[in-house]
Amino acid sequence: DLFPLYSRTRKKDVVTENYLFPFVHRRHGDGLDGWQVWPIVGHEHKEITSRTNLHAEVEMVPGHDKWFGGWPVYFHAKTGIGSENPEEHLAVLPFYSQLRSPKRDSSTVLWPFFTHTVDREKKYEEWDLPWPLVGFARGEGKTANRVWPFFSQVHNPVAESAFYLWPLYKYNRFHSDPVDRERTRIMLFLYSDTREKNTETGSHRRRVDLWPLFTSRRDTDGNERLQVLAALEPLVPNSKSIERNYSPLWSIWRQEKNAKTGESSQSLLWNLYRRDAATDSKKISLLFGLVQYESSPEARRWRWLHLFETGGPRSSAPANP
């Protein structure tokens, strides 16, 4: 009833008492004690504690010590105290900020203009001036040369990316067995060529889009599909609802092939012409079905204007016309 003058909340073992929410609070819990007069000053300290996990094992919970002043100008925090990778963050924004830890050191002057990072865990050193427009990195874990929007070349042990005159040309590749995936784009969605291969089985798939002229794809089972005129498909390539509900409105040519059964179909101008074929049979429809042709090993038939038929059983087994 006194909110926002006063409120008291609990989350697990931590109790927070707010006065004039959200400006003043006191917080306490298992090894935890903190207070703030936001945005002027605040402090929170947590001792190293322990807890029992779901496997009935006792595990250590790292401690921390955090200060802020004139938020968000000054911030000093020590986190992960007691763990294998304790971190210390110090920031006086926008003039200086730094991170120090056994795995990673990073320093920024006049954020975001000058940043230097040494990542000992991933084994690389990086310079950004300013991030993310200009950057260079060297090391086993990352190599990068970037001057946006003119060019960028970045690669690490599993991924590679590049662009030239962004967004004119862009290339991405990810390789981590069994996945090998690469994509080439021109003007982002104007042209896109995506290839993916399973290095263990050898199966592969590919999709090519040229907006708004066509979209073409081949899946890992060898099934193929081509659609001429694709207004939205290149922009949202994974949307099944657009393909199902809207593609028939603007596609003037559709062509599909089932690699397993050998069946195929083609459609021109919303079935003004349509052809369906299997291994030993085919059906052709003209003028939205006014003229139909059907061929099988047993017979060949024409149907005219839904009124009469010509043709009949084969007397021999000549090839289909």
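Me: How do you know how confident the predictor is in the protein overall?
Reply: The mean pLDDT is 93, and 98% of the residues reach 70 or more.

Me: Which residues have pLDDT under 50, and how many contacts does the model have for them beyond four places in sequence?
Reply: They are residues 317–321, with 8 such contacts. Where pLDDT is low, the predicted coordinates should not be read in detail.

Me: Why is Q266 called buried?
Reply: Its relative accessible area is 12%. Buried means under 20%, so Q266 is buried.

Me: Where does Q266 lie, and what is it in contact with?
Reply: Q266 belongs to strand 26, residues 264–268. Apart from neighbours within four places in sequence, its contacts are W253, R254, Q255, Y273, R274 and R275. Contact means heavy atoms within 4.5 Å, so each of these residues has a heavy atom within that distance of one in Q266.

Me: What makes strand 3 and strand 4 a pair?
Reply: Strand 3 (residues 24–29) and strand 4 are joined by 6 bridges and run antiparallel. A pair needs at least two bridges, so the two strands qualify. Within this pairing, R26 stands opposite W35 of strand 4. The hairpin has 2 residues between the strands, and G31 in the turn has a positive phi of about 75°.

Me: What joins strand 4 to strand 5?
Reply: Strand 5 covers residues 41–46 and runs antiparallel to strand 4, with 6 bridges between them. At least two are required, so this is also a pair. D33 has H45 as its bridge partner in strand 5, and the hairpin passes through 3 residues.

Me: Which residues of strand 4 are on its covered face, and which on its uncovered face?
Reply: L32, G34 and Q36 are on the covered face, while D33, W35 and V37 are on the uncovered one. In a regular strand the side chains alternate between the two faces of the sheet.

Me: How do you know that strand 29 and strand 30 pair?
Reply: Strand 29 (residues 291–295) and strand 30 (residues 299–304) share 5 bridges in the antiparallel sense. The requirement is at least two, so they pair. Y293 has W302 of strand 30 as its bridge partner, and a hairpin of 3 residues joins the strands.

Me: What makes strand 30 and strand 31 a pair?
Reply: Strand 30 and strand 31 (residues 308–313) have 6 antiparallel bridges. With at least two needed, they therefore count as a pair. R300 is opposite G312 of strand 31. In their hairpin, with 3 residues between the strands, L305 takes a positive phi near 55°.

How values were computed
Residues numbered from 1 in each chain as written. Predicted model: local features only at pLDDT ≥ 70, side-chain atom pairs only at ≥ 80, totals over all residues. Heavy atoms only, no water. pLDDT = per-residue confidence, 0-100. Helix = DSSP H or I, 4+ residues; strand = E, 2+ residues; numbered from the N terminus. Buried < 20%, exposed > 50% of the residue type's maximum accessible area, 1.4 Å probe, protein only.
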